[in-house]
Structures are given as structure tokens and as C-alpha cells.
Amino acid sequence: MLDVSGLKKVYEGSGRRVEAVRDLTFTVDAGELVCLVGPSGCGKTTLLKCVGGLLTPTAGEVLVGGRRVTGPPPDMAVVFQEYGRSLFPWMRVRENVELPLRQKKLSSGRRRELVADALASVGLTDAAGAYPWQLSGGMQQRVAIARALAYEPEVLLMDEPFAAVDAQTRADLEDLVRGLWRQRGITILFVTHDIDEAVYLGERVLILSSSPTVVQEQLKVDLPADRDQLHTRVAPRFAELRTHVYEQIQAAKRGTPVDRVVKDLRSDAPPTK
Amino acid sequence: MRGTNALLGAAGLTAFLALGEAVPRLGLVDEDYFPPTSRIADALATEFADEAFWTALGDTLTGWAIGLTIAVIAGILAGILISVTPYLREATASTIEFLRPIPSVALIPLAVLLYGTELRSVLLLVVYASFWQVLVQVMYGVQDVDPVAEETARSYGLGTWARVRHVLWPTALPYVMTGVRLAAAVALILAVTAELVIGAPGLGARIAVAQTSQAVPEMYALVVVTGLLGLLINVGARTVERRALAWHQSVRGEVAV
Amino acid sequence: MNGLERVMLRLFLVVALPAVLVVAWWFASDDSTDIYWPPLRTILSTFPDVWTGERLREDVLPSLLRLSAGYACAAVAGVALGTVIGSYRRVRAVCEPVLEFLRAVPPPVLVPVIMLFAGIGDTMKIAVIASGCVWPILLNTVEGVRAVDSVMSETARSYGVTGVARLRHLVLRSASPQIFAGLRQALSIGIILMVISEMFAASNGLGFTIVQFQRGFAIPDMWTGILLLGLLGFVLSVVFRLVERRALGWYHGLRDASRRSS
């Protein structure tokens, strides 16, 4: 579904040249939930913006459903971290969710259906008439998720969406995302700096090196499909996986060469390219 | 980035002046009503050589400066007094809201009757209009005072005057500067307007004379002068504001715990 | 202090000072023989005689119509141009010095200039009002359009909200608080210019009438005119505030919410 090959992004400006992303190559299959983790400043957001067509890469290409991404593709939706700055404060919740649909040339009846459905699946049917700033942070992020859902995207990009939310709300939202994913079978690329979150949510975890960024390792998360905050997080396998990811990230921060660390704890799928 | 912007700006200005030259000469507008830039420039040079022009400029600036000073002092005093006296703010709110939108030009006939073409009629208008700008900003500034800081000062036994000096004034200062900047612009407008309409000595009166004697390029030249004057005042006020606040910020930085 | 007492106190504070001032004016001027300061009693009693229905129709109404026309032109032009200039960094850089100069010219000074082109009729007055009102609207629109939040802008882009839709749903709505600030400033300037253009050259209008009274030494009548002008300024500002509160309800709510949380 999503193919990233040789992605490179260099920022040039006022005499400085910053290579944020050096060479990123990975694939996300249809219906997969893949998490991207990496040390701070490793270009996660740059990567996501390139994938989402909001930034033009210096080299390399991104394919969504086989088509090259040159601008924001119509079957992709993004959920940003700063929900307060992403939702339009002059529109009510239902109008916010409906806005992207107006670009899609759907009948107003169909739009209303999609909006109601999306709000119901995030549990905000009662808040449809409220303004975003009247809601709590967690609820605002749900609105943003509903907006993405109503858009019926093939691919959903989430850029550290729960970083600005408190821990308990984050747990609820993680479960929400996983639940929606299992229901609807969307392809999700989830960027986070929270290692536990990445392992909890993902089917696969891509560990990024520090800047200039490459894919340091791909890790398959072989936890059962039914996960919950209480039990999964204390499972021994979870602890092993997260420790491994943590070690990799520490190594990335130190700049240790990007060799595969051979441990029988790890079981990953080699890149398909 | 800055350099490119400056270049683009210069290009825009040049294009504007060139347009001002070309359009009348091409006959798109009547040259008598809209002289080309070069003729306006000539008239401007003539004005600069004329002593009467400089007198008029001085008159305008005098009216502006005196009026502004009175308005600023009165505005700051009134603003502080209203804000620190309990209940006075609420009591005066309705009066201020009613008096503020009254256009200063409503006082023109009164000024004419009372003071004729003296400086005082200019001052009446300038002070009236500028006072509100300062007052409103001062009151915003006082409202912005951190209640915690105020409480702390009070608990340390600082009297009203000390509190005004150490808590109120530093917080209100940026707003006061904004008020002064706005008042300075308004003061110029009213000064020139008073001279234009009433005939008190100054640039405005000179423009009126140029108009009645059909000296069109001179009229345009004087309009340009008022524009430049306004520009200088705006830029000057913004610079003063930045300087005063730079000092202010660093002081605040020290005091902040 | 219970609820009712609080309401009474507020009402008292709102009314007290104005009442005191009016009463003081009344009594201070009551036996005045100064022709410039007639007794308030005289002014108030002259009011209905001067401002009859006919005069309101023939003088006040045209003034208001001219104000509305000039203001509307300035609003449309200001917002349109401001949006264009604010949306493109280069355009803004090119226009900036010229705009800074033009807006620094005191608007009343343009009355003689515009009189050259437009004579002394209604067109002249509307042009004067428009030329003065356009600057705060234009400059504030530029600022508002420039300051559209980058995250919001990216969100719109990622969902394919571009072009006219983007302008309508994102840019103009986001800039509207700033635009309204410009509209408010423009209103006070507009009133001033309405009066001045009529004092200069007119055959009817509120400003014209007041000046006629002054020239004819009909002092109480002049005062009623001043009062009416003041009242007009006040009423227009109240109307404006009501309109703004409706249009920017979301903005006030947003600010209150963020103020409460911080």
C-alpha cells in the first residue's frame, strides 16, 4: 500500500545545510498498523510530512497504492499532534469533521452519514454541536481522528497524536485507534517517541536512527492481536520487545553503527525490497 | 531574506513613483488634477526653499507635540487613578464608553467659536482625540497586572504608591507605549485637520490656501510632506517603543524569580 | 453580597457617574449668560425643534448613506486587496513601503485632493470616506491573512482544501478577528471624514448643518448638532459591537477558554 524508497530530505537555508533524512526505505502493507519510533530530532515529522505529500523530498520517492506522491494524495488523511491548532475553532465539531468531505463531491446526505458514523465510532455523538475549544484535549484529538475517519482514507498517518495528552487519556486513545483499525482495516503509519506506545499498538515497529536518519531496524511485534492496557503491558514478551527497542534507540542516540544486533529475542521480517 | 525584501520594497516604491509620472503624462488623467511626480517634486523643492513652509511645519509640530504631551500625561494619570481606586473603574466605564466614540470633529464648531484660529483650538481637538487612545491602553495595561504579584507586594506591606511603581508600572509600560504610539498618529491627524478646516496656522492651513489658489502641484507636495511626517512619527514611535521595552524586558528578566 | 444586591450595585455604577455629570452640567449652566455655553435646559428643549423628522430625513439620512457607501467600498476593497497582499510574501514586500507611506497621510488632507477629481457632490464625500477607511481595513487584513496558523494550513492542504474553499473556510475566518479590528478603526475614521467632507463643501448633511449653525451663531442649535453627532458615534459603535459579537462569537469563546486554562 505504502512504499517509501530511498527517501532523502535536506534542508538548505541561510548558509546551513541540514540533512534531516538520509535514506529511508520501508513498506507498509495494506491493512497494517506500523509504528515509527526514534530518538528526538531524528526527522520523524519530516518523514511523515514527505509521506503525506506536505513536503517535497530531496531524493527518493513515496508510492501510495502504486501512485507517486507529489502532493497530498486524496486517499490519505493525517492526524497532527497539535489538535488545538489543527481543528478550526470557528466551526463546530460536526462542521470540522464534514469540511474535508466537501472537497470530495459527495451528496449532503452521504456526508451527514459519514460524519455521524465517524463521531459515533469515537464516542462523540453528543459533542457534535460543540466548538472544539469547549472540549478537553483528549476529546479534541478524537474529533481530529473522526475527521480523518470520515474522509474514508486508504492510509492514515498519525504524527505523535497523543504526545500532548495526559497519560490516562493517552491509554484510552491508543485503544480507540487499535479498535478502529481492527474494525475498518485501514493502513496506519503511526509516529511516536513513546516506545511503550509503539510496541503496544504496532504490528511492526520501525526503529529510526538519529539524524541523518535511516531505518535502523524493523521489528515484528508478535503479541496477540487482542491487546489491552492492563494485561498486555505486563506480559513478559511485551517487556522483552520494549527493552529491545529501547536499547536500539539508545544505540541510535550514541551513534553506534547500524548493524543488526544479533539476539534471539528479535524476530523480524526482512524488508520486502 | 531582509535584503531581498528591502530590494522588493524599493522596486515597489520606484514603480509607484514611475506610475505617478507616466499616468498623467500619458493623458490617462488630467494633468491639471494629477500632476506628474516630477512636477510634484519640483513643487516640493520650492516649498523647502520657502521660509513660510518651515514656519507652517513648525506650527503643526508645535500643536502636535504640546497636544500629545498633555494627552499622554492626562491619560496616564487618569488611567492609573481610575484603575487603582476601587469601584472607580466600574463607575467610569459607562461614561468612557459613551464619550470615546464621539468624533473629535464634533468639537470643531465649538473650537472655532471659542478660540478662533489660535493654537488652542488645535489643542482642543488634539488633546480630546489623543487622550482616549492613551487612557484605553493604560487601562488595558493595568488590567493585565498579575494578581499574584499584586498580592505579594501587598503582603509585604508596600503602600499604594510603591505598588504602582514596582508592580503596576512595569506591567503597564508596554501598553502605555502602544497608547503613546497610537496617540501620536491620531494627534498628527487632528492637528492637520484642525488647521485645514479651521485655518489655524500650520501645514493644513497651507494646504487649504494652495487649494483655493489652485496651486495644484504645491498642494500635492504638501500632502506628501504630511505623509512623510506621519511616516516619521510612526517609525519613530515604533523605535522608541522597542527601545523602551528592550530596557523594560531586561529589567523584568532580572526581577523575575 | 447576594445576587440581587450585586445587580443593583452594577446598575448603580453604570448610571451613577453619567447622572452626576448631566446634573452638574444642568445646574452649572442653568443661569449661564455666556452665549457659547447655553444652559443645558435650552439645548435639550431646542433639540426636537431643530431635528424634526424632515431635517433628519434631509440631512442626517444622506450623511448616513454616504458613510455606509464609503465604508462598504472600503471594506470590500480593503479585504480583497489585503487578502491578496497578505497571501503572497513577495507581493507584500513590494507593496510595503508604498502602503506605509499612503496610510501615514492624514485622511482629511485628501479632501482637497479628491475635490479636484470628484467635485463637491456625493461622489466626493463617498470617495473621501472610502479613501480614509480603506487603510486600517487593508493593513489589518494583511496581518490577519499572514498569521494563519501553520498547522491549520497544513491540515487544510492535506485534506485537499485549496483555492476558494481554503480562502472561505480557513483564511478569511482565521483572519476575521483582525479584520474586525480594522473595521472598527475604520468606522471611527469614517465618521470623522463624513463630517469633515461636509464641513468643507456640501449642500446638506449633518456636518454641513452644524457648521451652518455655527456660522449663523445659532449656538443652542449648534450644540444640539454636536450632541446628535456624539449620539450617532455612540450608537454606531454599539451596533458595531453587537455585530462583532455575533460574528466573532467563536473567537471570544476561544479566548475565554484559553485564558481560563492558563
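This report describes the domains and sheet of chain A and the helical build of chain B in a predicted model.

## Basis of the model

Because the model is predicted, local features need pLDDT of at least 70 and side-chain atom pairs count only at pLDDT 80 or more, while totals for chains, interfaces and linings use all residues. Residues are numbered from 1 along each chain as its sequence is written, and chains are lettered from A and ligands numbered from 1 in the order in which they are written.

## Chain A

An automatic or database domain assignment divides chain A into domain 1 (1–75 + 155–162 + 185–273) and domain 2 (81–152), and the C-alpha centres of these two domains of chain A are 27 Å apart.

Chain A also holds an open, mixed sheet of 10 strands, ordered β5-β4-β1-β2-β10-β9-β3-β8-β7-β6, where strands are DSSP runs of E with at least two residues, numbered from the N terminus, and two strands pair if DSSP finds at least two bridges between them. Its edges are β5 (67–68) and β6 (76–79) of chain A, each pairing on one side only. Strand β7 (residues 155–159) of chain A runs parallel to strand β8 (residues 187–192) of chain A, with five bridges between them, and D159(A) stands opposite V191(A) in β8(A).

## Chain B

Chain B contains 10 helices and zero strands, helices being DSSP runs of H or I with at least four residues. The radius of gyration of chain B is 23 Å, well over the 18 Å that the globule rule gives for 257 residues, so chain B is more spread out than a compact globule; the radius is taken over C-alpha atoms, and the rule is 2.2 Å times the number of residues to the power 0.38. The C-alpha trace of chain B spans about 75 × 55 × 30 Å along its principal axes.
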